Structure formats: C-alpha cells, structure tokens
Amino acid sequence: MKSDGQDMPTLSLKKHGTGIALEYGKVKLALDTGVQGATTLLSHSHTDHIGRLNRADQVIGTKGTFDTYSARGGKLPANRIVVEYQQVTFLNGADITAINAGHVLGSTMFLIEFEDGLRALFTGDFNVVDSIVHERARPVKADVLITEATYGSPSWIFPSRVETHENILKAAANSLAEGVNPLFNAYSLRKAQEVIALLQGRGISVVSGNRSIDQVCKVYNRHGFDLKQVPVTSKDLAHLIERGCAIVTSSPRHTEQHIRRMLGKMESRTIMDRMKSYFLSGWTLGKFRQRGFPLSAHSDYLGLLEFAKGVDPKVVYCFTENAREFSGHLATAGLNAVPLE
Ligand SMILES: [Zn+2]
C-alpha cells in the first residue's frame, strides 16, 4: 500500500509459515510466525498461529498467551516481552498496542503505529460477541486492517450466544434425564472452558476427557476463573458417570482409552456406546453439518463485516480460508479489500 505522502514507504505483507511477514521502511515484524531478524507479534497460542517461533528475534504477547502456549507443550521463546491490554510497546520505528481480541485466554489484536502516523490493526483470530469466559473484541480506527476471514461467507451466521448456550444446556439436561452421559467435543483452548463454565453454572458435573483440557483449565484458573471439572483419571470416575455427568473432550479417542484403563474394557464399551456426543463448532452449521452446536471462538460473517466497517480502514487485507470470498463481500460493502494468498 502507498501511503498518502509521496515519500512514504510501501507496506509489504506476505504470507509466511503460520502467519504474515510485514515490512514498512525499516520496520520488520512477523505476525503469528517467526522470521529471522524480526519481532513477532503473537496473537494467541492456537497451533495454526505459532509456527517458527524459534526463529523470532523476540516475541511480544500477553501472559495468557504465553501461559496457554506453555500449557499445551510449547517451548517458551527465550526473548519474550509480556504485555497487557492497552499497554504500548515502543519498538524501533513502531509503537505496538495490545488489544483484547475476545477469542481465547490472552488473545490479542495488535495496533501498529508507524513513525509517519500510519496505523495498521492486525486482528489475529477474534470474536465480537461477549461470552461467559471472554469479553468481546471492539474495533479501533486504523488505516490498514489485517483481518482473519475464517467465517467470511454469508453462510456462516451464528445464532445468538445465549440461544446456543441454552441449546447446549437443554441437550445436556435431556441426555442426563434419559440416563445418558452427554459428551461435548470441543477444542481444548477456550471452547472446552466455555462449556465447562456453562455446565457447572447449571449444576451439572463435568468430567474432562483428556489431559490438555485440564492443563488449559489450570491456566484459566490461575487467571481468575473457577473451573471445577474432574479429570477422567479421577478415582471417582465410575461414581460420577453413574450419577450423571457431562464429559468434555478434545479427543474422544483419548477419552475412551482413559475410561478403558480406569474401568475395564467391557464397562468402558458400555459407557461409550451409551454416550450421546455433540460437536461444538461453527462448522456444525451449513455443509459440514454434524450433530452439535455452533459455539465458536470466532466472529461470524456479520461480526467480521461490522468489525471491518468499525475500523474504517483505507485498505483491508484478509487472511485464513475464505479470505478471497470475504474480500469480495468487503468490496461490495465499499471497502478496498485484498486477500493475502
Ligand atoms: Zn485461534
């Protein structure tokens, strides 16, 4: 992008590993990836955002991001700068502000303000809807918006969070009333914690079906949450299943292995056969329809669109799948948009 002034440098954005390499004059930044000689801005710790970090000169992220990264087996970068929301970090040639992204614990959008005044906002993954675990992301004005476009098609419009929550609770209660254990299949970072908080809020006991959920829950609790799931390896497992509990897992295969180890082959088969499982994902809508509920950590199509309008940028760069399609919709809405491919 050419900025307004004649002598302003060109902004270069290139897909690189799990993220984007950014150059503007003397400033070199890596967004959710590691590039030699560059500072990485790490939006959150999902695996599709943390590639090549060992190559980074230094990594900027929140404590929540580094804690969840480490809890999920990541080796923390030696040179890291821990930031809080609204804190400004002064780099050579750019001021970086961390802003809540509402996606997972610690998730961050970065506002990059260059010396000549150009403002670029990198969203990482973000969610514009409040939930019981995280506050929503809010747009800030910027000249350049670099946005995810995961659900950037009109076929992805989610029902309200409240409706989705109620439907999950209804399914859990109905299953338990029939003497069946409901099993919710959710990513171990964020959605597992959201459904655990939801279920325990209604007095439903929750067994976590695999270790990575427990590891992340521990981090959430260190950050002020009060999640009370019981690990599948607990000696109370048989009693909990018998009495009626929900199971939350990010790996049904591991859950089954744990139950077999704890209760024996026959008993575990009976329990697994009796379970009713539900996926918790935006992808349960539309062509990927599976039994489950569209509980998503991302913004839906309308959320992405409204957010982009709120930033009011001169140009939008879209990454992730659906980047091309979403760029087309942004153009229709009057925004100058380009997919990063
Ligand atoms: Zn993510």
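## Domains

The domain assignment divides the chain into domain 1, made up of residues 11-155 + 298-339, and domain 2, which covers residues 161-293. The model described here is predicted. Between domain 1 and domain 2, the C-alpha centres are separated by 31 Å. Where the two domains meet, domain 1 contributes 18 residues and domain 2 contributes 17 residues. On the side of domain 1 that touches domain 2, there are seven nonpolar, eight polar and three charged residues.

## Overall form

The chain contains nine helices and 19 strands. Computed along the principal axes, its C-alpha trace extends over about 75 × 45 × 30 Å. A compact globule of 341 residues would have a radius of gyration near 20 Å, and the value of 21 Å for the chain agrees with this.

Of the 341 residues, 48% count as buried. When contacts between residues at least 6 apart in sequence are considered, 57% join residues at least 24 apart.

## Nonpolar cores

The largest nonpolar core has 57 residues, and within this core Ile112, Leu121, Phe122 and Ile146 touch the most other members. For Leu121, leaving aside residues up to four places away in sequence, the residues touched are Met109, Leu111, Val140, Ala142, Leu145, Ile146 and Val311. Another core, of 37 residues, lies apart from the largest one and includes Ile168, Ala172, Leu199 and Val216.

## Helix H3

Helix H3 spans residues 191-201, and because nine of its 11 residues are buried, the helix is largely enclosed by the rest of the structure. The buried residues of H3 are Lys191, Ala192, Gln193, Glu194, Val195, Ile196, Ala197, Leu198 and Leu199. Leu199 is also one of the residues of the 37-residue core.

Several elements surround these positions. After H3 comes Gly203, which has a positive phi, near 80°.

Definitions and conventions:
Residues numbered from 1 in each chain as written. Predicted model: local features only at pLDDT ≥ 70, side-chain atom pairs only at ≥ 80, totals over all residues. Helix = DSSP H or I, 4+ residues; strand = E, 2+ residues; numbered from the N terminus. Rg over C-alpha atoms; globule rule 2.2 N^0.38 Å. Buried ≥ 20, exposed ≤ 12 C-beta atoms within 10 Å, placed from the backbone. Contact = placed C-beta atoms within 7 Å. Domains from an automatic or database assignment. Nonpolar A, V, L, I, M, F, W, Y, C, P; charged D, E, K, R; others polar. Core = buried A, V, L, I, M, F, W, Y, C linked by C-beta atoms within 7 Å.
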